[in-house]
Structures are given as structure tokens and as C-alpha cells.
Amino acid sequence: MSAERFLDRIQRGPALLGDGAWGTMLFTRGLPTGDAPERVCLERPELLTEIAGLYLEAGAEVVTTNTFGANPERLGLHGLAGQLEEICQAAVEAVRRAVGERAWVSGSIGPAGQLLAPLGKLDPAAASAGFARQASALAAAGADLLCVETMTDLAEAELAVRAARAAAPGLPVVATMSFEATRRGFFTVMGASPKQAAVRLAAAGADAVGANCGDGDTMAGIVREFRAHCGLPIAVRPNAGLPRLVDGALVHPETPEAMAARVPELLEAGVNLLGGCCGTTPEHIRALRRALDALG
Amino acid sequence: MDLLKELAENLRLGEDEAVRAGTQAALAAGLAPGDILRSGFLAGMAVVGEEFGRREIFLPDVLLAARAMQAGMEILRPHLARDGAPEAGRVVLGTVQGDLHDIGKNLVGILLRGAGYEVIDLGTDVPAARFLEAAESSGARVIGLSALLTTTMPRMAEVVSLVRERGLAGQVKVIVGGAPVTQGFADEIGADGWGFDAESAVRRVKALAENS
């Protein structure tokens, strides 16, 4: 599954199907809360292979690595910064073991977890070096593409895209941000609009742009706004709604059917890569698969 | 424009130099430190909170306004102590056990301080018992709980249970918030309140504190 083939497919269609959530899948398999989810890569990689296999079997063509927080700042909170490379390698290998060449392995890169200076304490140069280290480790382990995701600060997203481009020049980079609907339109909590994201992430070198970790209702509108401001392929991965507590367990309320019902509108808006974020399961991906296949 | 309105406006705009100068000017003009706090700082931060609640401004604007208020408070604080201006009350605040995210919790803390509360910030990864200890030792009437991870949300229920176990239900109110936390969830665990965002959290704390 080469980088060229990924770019060719996402540009020409038909729309690609990604996978669903990883964190919630891991927690239902007994991962203790509060620990770094990336520790699983070292200690229970067979869980990652199992989950990747479930998503492949559900019809996903792009499967994500469990490396969302594998940057030096976040791993450092758990004393794992020194094992960043090892974690990225184990994460890619665990997914590859399940999917082989039947799906693309997408190396997840999440936010550093601190606000960039001058608003916060994180030095932009240090953030950039951290993203480069993560991207380089994911590339060395054999990821097919990189996915910068759940960003709210456009400056941080740009840093991550540029760092990924430079550290892993052979890999396509998908960059998505987390928007919410306001009275004046869609914005991240840091104030970035899809229009700004479209223009600036394209300039930073992203191969595809879009939104993840947001309400399903917002996604078609966000896709249209991206489409109006850039020619790049567009990726969206909505949440399965906000979780509720039912009999002591957290349940995400949006059913696979409800999520799949949005597929026609998303395709019409021009989406090129579709998947799920928090609370989505292989059942959601299976429903999306059926909806995509039905629409050809 | 009168001095305090100008001070509130400069605070809203995050102009820390102007807030420093405005605070000094207000003190030099003989205005009461308590009035400078209420009609200058707290009035300015209230507008910031409301505008953020409507997403007319965003997180960077709130952080800059908070920084400007901090700059002014450094000048005002020694005078406040002499003036004996009343505090709105104490609130214990923290991110629940297993969760290390603090951006949202810090924002609530900023706006609570901006509303005149004394905030006892326990930080992140806080066990349920620590919240109770802090509330009991400080006499705080409200505990604010934050969680970003869906997986740590059940920890909020532990704090609510512990408040009841200690016989403090009604005396110590628990308010919850964080990206995945909803009113439905707050009701399910028996929390006294829910903040959709930092600004509404402050409004709920005010309502809870007034009714206790």
C-alpha cells in the first residue's frame, strides 16, 4: 500500500473509508484509565492487532495507529518520553500484522497537549521537534501515511504538518481539526475557521484536510466550507455523539445507522475520506461501509 | 469614559500595560479598591466570559484578558487587603483522577477568580477523597470537577457519592464539566450542576453558592 497509491485513490475516489475510535475500544478491553493509552503498544500489542483486525473486517481501508499522544510532552507525563520510538514502532507493527497490505496504516499525531507560547508554556521549536520525532519514528516503522488530528490551534497544526513533511518526506499527510458550530459559523475553540484551516494547512504542505472529533451534524457544513476554499481532498471523522452514563457504563448515543444516514449528504458535499472518532466502533464502520457501497 | 469603564474595556482587550496604568490611575484618583475590583476587573472579565460563551471571542482572547487582570491585580492586591473587600466565596477545583488535562479547568479557574471567588486549584489527576478534604478544610461550598477523557468521567460519580457518604449533601455542591460531559450525565450521577463551558460553569457556581 504505497503512498502514491493512497494519494491517487483519495484524489480520484471512490471515497475512502477509515476506521473508528481506538481509545474507547481499548478501555472496553480493560485498559486502566489515567495511564497513557500508548503504553499498550509496548505491553499489550496483541490488543491493537485485534482492534485493527476488527476495523479491517468491518470494511476500513485506512487503519490508524495508537499513537495519538506519542509526543515527548504527553509521554513525558507518564515517564515514557524515552520510549517514543519504540512505542511508534510497536504501534505500526501491531496494525500491520492485522491488515498486511489490505489497508493503509495511518500514523496518528495528536496535539502536544499544552498551549504554545506565548499563550501557554510550550516552546514552538520544542513542539516542532517533538512532532518531527514522532513522524520520523512512524515513517521508520513503515506507516503509509501520517494523520495530524484533533488540532484546535492552527499554529500548532501547521507546525505538525511542516514537521511531518520534513521528517517523513515520502509520506502523505492528512491534517484535521476539531470544530464546533457557533452562531457565526464553524470555529475551533482557539478561533480557527475551516476557511483558515483550508488555506493555511494546504500552504503548510498537507495532502488532505478536514475535521475530526466533532458532532456529526456539523460535518457536511464543514466539508462544504473546506471545499469552497481549497482543492485538496477532504477527510472527516465525526464522534458518535456525546457519551451518557447507562448502568455505570459510558455509552455513546449515536447508532451506526444514524451515522450512516449522513453519508449521502457528506458525499454530495465532497468528502473523500470518511471515518469515525470518539465512541465509534467496528459496527459504525460496517454501517458506513454499507452506505458507501450502496452509493457506489 | 470614566476610569473604571476604561479599565474594564482594556482588560477585555487584554491590554496589560493599559490595565496596569489604569489601576494606578484609579487608585491615585482615590477610588475604593473594592470598586476598582468590581467595576473594573470583574466587570471586564464578566464581558469576556459572556463573549466566550457565545464564541464571539475564543480561548486566546480569554487567556490574554486573564493575563491583563493578573497584571492589574498585582497592583491592586495590597490595597484590597487593607480595604477588606469581600470575597465571593471559595471553590475547590480540579481534574478528576486519571485525567491530566487542565486547559478547560484552568479556564474555569480564571473566570471564577474573575468573578471574585477564591479558587483552591488541586490540579489534575485528583483522587475523590482529596476534593472532600480540601472542601472540608477550606470551608468551600462548591467543588468543581473537570474531565476531558470519556473514560475518567465515572470518577465524577465517586466524588458525588463521597459527598453524600460524609453527610455533606446540600452543604457542599458538586458541579461538573469538560468536553464530553453533558447535563444528562450530570443528572445521572446526581451532580448539583453542569457547566456547558467555562462561562456557564461560573454562572452555575454563582447560582449554587447563592442557594446554599
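This is a conversation about a predicted model with a chain A and a chain B.

Reader: Let's start with helix H6 of chain A; how far apart are its end C-alpha atoms, and what span should its residues give?

Author: Helix H6 of chain A runs over residues 84-99, and at 1.5 Å a residue its 16 residues should span 22 Å. The end C-alpha atoms are 23 Å apart, which agrees with that expectation.

Reader: And which residues of H6(A) are buried?

Author: The buried residues of H6(A) are Leu84(A), Ile87(A), Cys88(A), Ala90(A), Ala91(A), Val92(A), Ala94(A), Val95(A), Arg96(A), Ala98(A) and Val99(A).

Reader: What covers those buried residues of H6(A)?

Author: The cover includes, from chain A, the helices H3 (39-43), H4 (45-58), H5 (72-76) and H7 (124-140), together with the strands E2 (62-64) and E3 (104-109).

Reader: What does the backbone do just after H6(A)?

Author: Just after that helix comes Gly100(A), which takes a positive phi of about 55°.

Reader: Which residues have a positive phi although they are not glycine?

Author: Thr150(A) is one of them, with a positive phi of about 60°, and Cys213(A) is another, with a phi of about 55°.

Reader: Where is each of them found?

Author: Thr150(A) is found in strand E4 of chain A, which covers residues 145-151. Cys213(A), by contrast, is found in a loop of chain A, between strand E8 (208-212) and helix H10 (219-229).

Reader: Are Thr150(A) and Cys213(A) buried or exposed, and why?

Author: A residue counts as buried if 20 or more other C-beta atoms lie within 10 Å of its own. Thr150(A) is therefore buried, because 22 other C-beta atoms lie within 10 Å, and Cys213(A) is buried because it has 20 within that distance.

Reader: Changing topic, which peptide bonds are cis in chain A?

Author: The bond from Gly13(A) to Pro14(A) is cis, with omega near -5°, and a cis bond also joins Ala117(A) and Pro118(A), where omega is about 10°.

Reader: Where are those two prolines, Pro14(A) and Pro118(A), found?

Author: Pro14(A) is found in the loop between helix H1 (3-12) and strand E1 (16-17) of chain A, while Pro118(A) is found in the loop between E3 and H7 of chain A.

Reader: Now chain B: what does its domain assignment give?

Author: The assignment gives domain 1, residues 3-83, and domain 2, residues 89-210. Taken over C-alpha atoms, the centres of these two domains of chain B are separated by 26 Å.

Definitions and conventions:
Residues are numbered from 1 along each chain as its sequence is written. Chains are lettered from A and ligands numbered from 1 in the order in which they are written. This is a predicted model: local features need pLDDT of at least 70, side-chain atom pairs count only at pLDDT 80 or more; totals for chains, interfaces and linings use all residues. Helices (H or I, at least four residues) and strands (E, at least two) are DSSP runs, numbered from the N terminus. The expected span of a helix is 1.5 Å times one less than its number of residues. A residue is buried if 20 or more other C-beta atoms lie within 10 Å of its own, exposed if 12 or fewer, and partly exposed in between; C-beta atoms are placed from the backbone. Two residues are in contact if their C-beta atoms, placed from the backbone, lie within 7 Å. Domain bounds come from an automatic or database domain assignment.
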